[in-house]
Amino acid sequence: MKDVSHKGVIARVIPCSIAAELELQSGDKLLSVNGQKIKDIIELSFALADESLELVIEKQDGEQEIIELEKDYDEELGIEFESAVFDGVRRCANRCIFCFVDQMPPGMRESLYVKDDDYRLSFLYGNFVTLTNVGSNDIKRIRNLHLSPLYVSVHATNGTVRQSMLNNRRAAQIMEQIHSLTETGIELHTQVVLCPGINDGQVLEQTIRELYALHPKILSLAIVPVGLSRYRDRCYPLGKFSPKEAQYIIDSIHTWQIKCRRECGSSFVYLADEFYLSGGREIPEYDVYDGFPQLENGIGLVRNFLQEWREAVREEKNGYLEPHCIDVVCGVSAKPILQSLCNEMKIKNLNVRLVAVNNNFFGPDITVTGLLTGKDIISELKSLTGPRTGVIIPGIALRKGENIFLDDSTPEDIVASLGVPVRIAHGAGELYNLLTAWR
């Protein structure tokens, strides 16, 4: 048989499924369906809609076999794949002045240096893409399959500014691309990585104005601050926003939110939590976030956490018969929020010590909890004295779906270093339950 370049590597076969009956195994590769080479799981979902199928499978020893089967229209094969794309993830062709991947230290796992910019992953998983590598055929496919919503990194609607920020001439075409998508019913969530003196001020006002003009096809706009690690020796010189500058941005966005809520019933534009924490301002109320459309982007994490905590504390707890001393790990910026919550707790024999970990790995300017590493957590905890029943670490600092930190250390490493139980809290509800019902 002729070799093909499109291969879907099977990661898992669901027990008692059609794939299990066919004796397919993890590591096998799907090469084609009914003679069609499959590029991704989007295309695969359409191909598998047929009731009569001919699959070409490459086994782990390299042998290829043809499998013919009959199934119901809505019956699934029961296969999970290692990647959603079979022809390779599209890589980013930009050289963004703010790219965090360029600020990663050497010697880390290879996947952390991958700059994906694939519209398929945007549709499937909410990854932000720049559209600079999207051609006319891609636009047609997005339209025809109605791959909506997509998540687009705009950064600036001013083409000259955006081209300079991304170091790519195609970046200037962003508004033409957005119009070509929204005019055919494709909806977009958008974001701006805000860089001092580059795309803030009047440039940001223009960006908000032009994107808001396309609402409701533009569903939301997130404004997040540029992240600066200590590994910027060969990067474009950028600084962080001062507390006063953060306050100015907060006030500007608040004015826009008032206007948008009056005109369309939603805030439309949202600020990352870091601006409020840096500017010393109150986190907006729950309703301001309109269902948290960009929670994964750090928009409203604090308010959502506070809401979960409020709901969790409604259940009364009896406390402990013996003293429990529990360390709760967080990033520096989260400490004021968590400290106020811990101070309000009145649980018998519970002593909570909040451990705000300095980010030595990426540098002091990185204060968010999600970028903590296991080694920094271990170092901070080992420097503390006193009784310790156990440690609670934030799930947001771990790779999604796996218990691994960015530096490849694990919660088990913390257990080995400290000799006490370590638990993971994914959200405020789990944190409260772990504190009040430690086992």
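Tutor: In this predicted model, Ile223 is in contact (heavy atoms within 4.5 Å) with Val192, Leu194, Leu204, Ile253, Val269, Tyr270, Leu271, Ala272, Phe275 and Ile299, leaving aside its neighbours within four places in sequence. Local features need pLDDT of at least 70, side-chain atom pairs count only at pLDDT 80 or more, and totals for chains, interfaces and linings use all residues. Residues are numbered from 1 along each chain as its sequence is written, and side-chain values use heavy atoms, with hydrogens and water left out.

Student: Which residues touch the most other members of the largest nonpolar core?

Tutor: Ile223 and Phe275 do, in a core of 88 residues. A nonpolar core is a set of buried Ala, Val, Leu, Ile, Met, Phe, Trp, Tyr and Cys residues joined through side-chain atoms within 4.5 Å; buried means under 20% relative accessible area, exposed over 50%, partly exposed in between (1.4 Å probe, protein chains only).

Student: What makes the buried residues of helix 13 line one face?

Tutor: Pro411, Ile414 and Leu418 are buried in helix 13. Seen down the axis, the directions to their C-beta atoms fall within an arc of 55 degrees, so these residues line one face of helix 13. On the other side, Glu412 and Ala416 are exposed.

Student: Against what do the buried residues of helix 13 pack?

Tutor: They pack against helix 12 (374–382), strand 13 (390–394) and strand 14 (422–425).

Key. Helices (H or I, at least four residues) and strands (E, at least two) are DSSP runs, numbered from the N terminus.
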